[in-house]
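Have the sequence and the 3D view at hand while reading.

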Amino acid sequence: MSQKAESWTDRLEETLIASILGLMTVVTFANVVARYGFNSNILWAVEFTVFLFGWMVLLGASYAVKINAHLGVDAILNIVSPKSSKTLGMISVAVCIIFSFLLLKGAWDYWANFANLPATTGRWFPTGFEENFRGKGWYETDDVPMPAILGFMEGMFNDGDEYEKLPRLLPYMVLPISMALLLFRFCQAGLKLWRGEISMLIVSHEAEDSIEEAAQYVKDN
Amino acid sequence: MEVILLFAMVIGLLLIGVPIAVSLGFSSVLFLLWFSDSSLASVAQTLFNAFEGHYTLLAIPFFILASSFMSTGGVARRIIRFSIACVGHFHGGLAIAGVFACMMFAALSGSSPATVVAIGSIVIAGMRQVGYTKEFAAGVICNAGTLGILIPPSIVMVVYAAAVEVSVGRMFLAGVIPGLLAGTMLMIGIYVMARVKGLPKGDRAPWSERFAAAREAGWGLFLIVIILGGIYGGIFTPTEAAAVAAIYAWFIASFVYRDMGPLATAEGQSNTSILKKPQALFTAIWHRDTVDTLFEAGKLTVTLLFVIACALILKHVLTDEQIPQQITKAMLAAGLGPIAFLVVVNVILLIGGQFMEPSGLLVIVAPLVFPIAIELGIDPIHLGIIMVVNMEIGMITPPVGLNLFVTSGVAGMPMMAVVRAALPFLAILFVFLIMITYIPIISTFLPNMIMGPEMITK
Amino acid sequence: ACEEGEVVVKFAHVTNSDKHPKGIAASLLEKRVNEEMNGKMCMEVFPNSTLYDDNKVLEAMLQGDVQLAAPSLSKFEKFTKQFRIFDLPFMFNDMNAVNAYQASDAGQAMLDSMQKRGLQGLAYWHNGMKQMSASKPLLLPTDANGLKFRVQSSDVLVAQMEAIGGSPQKMKFAEVYGALQTGVVDGQENTWSNIYGKKFFEVQDGITETNHGIIDYLLVASVDWLDGLDAEVRDQFLSIVGEVTEARNSEAYAVNQGAKQSVIDAGGTVRELTAEQRAAWVEAMKPVWTKFEGDVGADNIEAAQKINMSMSN
Ligand code: NA
Ligand code: NA
């Protein structure tokens, strides 16, 4: 099945991805049962599930860099000399690093005001933090109720006013976190490529594992 | 035009080996920063809204998960036994059974490569044992596997529906007749080749074997009834159907077939009865097999959806700069008619399909051609099916063809050999594409009959 | 395409641009601004949620990526709960009462009530009164008992459906037609123009003319953007907004009546309520007011009721 887990971070990331997907499935299923079986509803099911969906993919994106699972085209990399291939690989890494850096800035700028923090100034690159801004800590999601355990947030982000629904700063928090992880993983991949530990950034297709498994299966039978 | 620069950049980055998602996202971000006054924050917002605002895309992880449970849990194996019992005695019977099995698995799974892996890994080995050449076996399965996205449910249809906001249920219905037709055309093609080449035929299975095989496969195949019956019977939406399918597949695999989870045993022994181990009802939830399958499905979802999310960033940037309107105006001004337009669409998609993974390509192309199609009076559902069939062909043409990669792995053959093996059947799919393109009723008949005529809101 | 030196105004909304009351108003505003303010201001309208949907457009406005939007009034409940008054059932007798309330001091004060959070209401744009439809005839509130109704994200509307014994369901607008058709949900509430535009009448037993609530929109811009405009440009822009609002709001009633007639012409069933039947609906739904009185403000409710009284005399 899955490749042997190498470290506790691998285990953590794999378990996280599996649990989020499992939770999404169960909540959606439960809403069907509630509606069809009991003529009832789980009013927060739809919104909660799409938040989980976003969390899984955004957090998973950096994990996919780590295990070289991102999709790409390797046709040219396979026909040029290893030296050129490495050069192209390093250019690719540079593109990925710039991209994830720009996204990290965008993610911070988008999220910061929701947490009553300043966004950065500058169009391309952060040149500082804005001095005057309107905090949006009060901005709630549509349907997900506020769990009592998070009551402390009301004092921190909402001038002590009660939150009826989960504040948006929570679901959106995944953006800066995941983009920082993505940047980190691309830098790491660049290092590995430079040292020759990996030959490219991408898996050329989505089914490498399945192929190995299937080939094994065909051999065994 | 700046937009040409944008697309040139996407393709250039793709070719030097930048991940597809980053090629799309990076080009869009540069384009946005140069040519518009929108902020980087709007890019992050679009990235999150790819999930928050596109509820229908949720069907993708669920269908992938259902498919993983079925492959792990032995549904494919039972479907193949049933197919062979039904059609194995014809000339080329095992190959025809392979196509038939692909069609059935396609009705359970939303993805083409998944269909190839599930069916191909068993059928190709079996075909070689009874005397088919490796090439013929690989060519058959590689092609028949593409039905995974044409016969509902289909991930590609979900992506199309989300990109242009048509009904997923309608798209699913629209795929039924084309899917059956394509499968039948492939089977007839094989039969003709079998007669010409004198390919082996199997023994006619006794009715007892047919019934036994049907009963075994029935648990898995009942999922078709659940999905379609549930959607059109008003129990759940197409998105929810995918989640129900995943839960059902897990249940069947863990407790009925018991090929995975706490009740599974080593090969050759009969699996444990739930009566002997009732606690399995709970332990199955966090059993290693369940968690591993969830993780594998999650990993596939992540890579696929990250591409789609970045394609949605590109779509946002194009919309922001009003590119689709400009292209629409230019094409209409050039006096493009519906027939010429559909040729253009086919060519764009066939070329794009050489390089790109279907869902990502679809998210980009659909919003560009959709407004023109509506102006020209082309049915959006028909357009969707045309796109899906193009994606099918893209999957079995080099250099980027998911089914080619998967088949080469499954069959243990070099890629170019698979390409050659797939060619004769590819010809059949081309004829099929032309039929689908110019005979809209093949696609629109069933949805219009069941759901009434499509309403077109501009 | 806009020219150098013009103030670019991106206006994102979620309806079509030629049939829906809001879409028509947006198109008229675009036309007039681009003709009369050529060289100073340039408006680009993005209809059909192509750029932003109602959930994201206000976020985008606060970060400066879009300049004009017109979401439905319930979207502003997050900014100030006063806006819940427009979701409360039977708060206004008819569109004239709605109009009068919006023009009153209470209604005008609400335009300015979100300044602290960065939004400035410019004008109320009408759609119309909400009607109720279901998979079976609805004549009394008890007919709705046990039915599943699709509602927008609003606690008031959830409470309203629960008050008549219905089961409220959350669902994306794009999924509603399919869900009504297959029976995933049994009913919904909407204005005539939406019921006709989205063809909901095709997949419902009939539509009952309850006039139990309203759907209206608020044309908004960000405070920071407005402050950044030249005074002269801003004044001209706002006076065009005022004229377009007046012109289109007076037509909105006719647009909805036209849509109602189109529903009938297309073979849809429309049911009207007798005075007693209507009284039963009011009795069933009105208790919802108490629950939200604190949010809305007793004085606002009182002002609305005064207007109802004065206009029925
Ligand atoms: Na399928
Ligand atoms: Na291809």
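A salt bridge is a side-chain nitrogen of Lys or Arg within 4 Å of a carboxyl oxygen of Asp or Glu. One such pair joins A:Arg35 and B:Glu240, with N and O 2.7 Å apart.

The model is predicted: local features need pLDDT of at least 70, side-chain atom pairs count only at pLDDT 80 or more, and totals for chains, interfaces and linings use all residues. Residues are numbered from 1 along each chain as its sequence is written, chains are lettered from A and ligands numbered from 1 in the order in which they are written, and side-chain values use heavy atoms, with hydrogens and water left out.

Contact means heavy atoms within 4.5 Å. Buried area is the accessible area (1.4 Å probe) that two parts lose on being put together, summed over both.

| Interface | Residues in contact | Buried area | Share on carbon and sulfur | Salt bridges |
|---|---|---|---|---|
| Chain B and chain A | 78 residues of chain B, 77 residues of chain A | about 6,800 Å² | 79% | one |
| Chain C and chain A | 29 residues of chain C, 21 residues of chain A | about 2,300 Å² | 43% | seven |

On the chain B side, B:Phe48, B:Phe51 and B:Phe295 supply 10% of the area that chain B buries against chain A, more than any other three residues. On the chain C side, C:Glu59, C:Lys78 and C:Lys170 supply 27% of the area that chain C buries against chain A, again more than any other three residues. A:Lys165 forms a salt bridge with C:Asp155, and their closest N and O atoms are 2.7 Å apart.

**Helices of chain B**

Helices are DSSP runs (H or I, at least four residues), numbered from the N terminus. The expected span of a helix is 1.5 Å times one less than its number of residues. Buried means under 20% relative accessible area, exposed over 50%, and partly exposed in between (1.4 Å probe, protein chains only).

Helix H2 of chain B (residues 20-35) has 16 residues and should span 22 Å, which agrees with the 22 Å between its end C-alpha atoms. Because 14 of its 16 residues are buried, H2(B) is largely enclosed by the rest of the structure.

Just after H12(B), B:Arg258 takes a positive phi of about 55°.

B:Phe295 lies in helix H14 (residues 288-320) of chain B. With a relative accessibility of 3%, B:Phe295 counts as buried.

**The sodium site**

Which residues are the protein donors of the sodium ion (ligand 1)? Donors are N, O and S atoms within 2.8 Å of the metal (3.2 Å for Na, K and Ca); water is not among the atoms, so sites may look incomplete. They are B:Ala106, B:Ser109, B:Gly148, B:Ile151 and B:Pro153, each through O, lying 2.2 to 2.4 Å from the ion. B:Ser109 lies in the loop between helices H6 (93-106) and H7 (112-129) of chain B, and B:Gly148 in the loop between helices H8 (134-144) and H9 (155-164), so the pair ties together parts that are 39 residues apart in sequence. Both B:Ser109 and B:Gly148 are buried.

Definitions and conventions: Helix = DSSP H or I, 4+ residues; strand = E, 2+ residues; numbered from the N terminus.
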